[in-house]
Amino acid sequence: MTFLKRTALTVGLLPAFMLAPAANSASLDVDVDISLPNVVILYGYTDIDLTMTADQFGPLLDSNCTADDCSVADTNPKSGVLDGGTVDLAFTNNAAGTNPTITLDNSWGVRSFGYTALTPTITDNGSDAPVGNLAIEQITTPSASLQTGSVSFDLDLSQISTNNVRASYTITVVGS
């Protein structure tokens, strides 16, 4: 009889256990705030060697240069990008035989994050006398993507006395 009472009690409690909630639970909302720094990354070449051929340089000395007294001018632009290891070289002649402008396209680049504006500047570090009017392309809109820019300068051909001329400059990009 005792066995029957225990069995009846056990069978009677079984539905109560089945309706009981599962294990205790708790929940918690979590917010993670990540503070990222403002960053400016400047890319550029620190040593650029330009070798001009006679057909590039001749017309800079004399805009009337013809095939009879020098090679034909090379008017095809060179192409390349900063991360490809190539600097574009473009020539424009401001005034025949005086001050041609040399432009180094894609010779520097910048990535930035956390700023609303960029200010690139160029400072002459004691370039040779024939080098003047150093200028830098104004990239002013910040971007995490690489943006490339150019540097240009004039060559005063009347001041060139040797076959080597040195341009020396510092590029600075400030984020604000």
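Mentor: Start with contact: heavy atoms within 4.5 Å. This model is predicted, so local features need pLDDT of at least 70, side-chain atom pairs count only at pLDDT 80 or more, and totals for chains, interfaces and linings use all residues. Numbering runs from 1 along each chain as its sequence is written, and side-chain values use heavy atoms, without hydrogens or water.

Trainee: What is Leu-118 in contact with, leaving aside its neighbours within four places in sequence?

Mentor: Val-40, Val-110, Ser-112, Ile-139, Thr-140, Thr-141, Pro-142, Val-173, Val-174 and Gly-175. Take Gly-175. It lies 57 residues from Leu-118 in sequence, but their C-alpha atoms are 4.5 Å apart.

Trainee: Why does Leu-118 count as buried?

Mentor: Buried means under 20% relative accessible area, exposed over 50%, and partly exposed in between (1.4 Å probe, protein chains only). Leu-118 has 3% relative accessibility, so it counts as buried. It sits in strand S4; a strand is a DSSP run of E, at least two residues, numbered from the N terminus.

Trainee: Why does Ser-112 count as buried?

Mentor: Its relative accessibility is 5%, so Ser-112 is buried. Ser-112 belongs to strand S3. Beyond four places in sequence, it touches Val-39, Val-40, Leu-118, Pro-142, Ser-143 and Ala-144.

Trainee: Which residues touch the most other members of the largest nonpolar core?

Mentor: Trp-108, Val-151 and Phe-153, out of 16 residues. S3, S4, strand S5 (131-136), S6 and S7 each supply at least two residues of this core. S3 gives the most, four. Such a core is a set of buried Ala, Val, Leu, Ile, Met, Phe, Trp, Tyr and Cys residues joined through side-chain atoms within 4.5 Å.

Trainee: What is Val-151 in contact with, leaving aside its neighbours within four places in sequence?

Mentor: Its partners include Ile-102, Leu-104, Trp-108, Ile-122, Leu-134, Tyr-169 and Ile-171.
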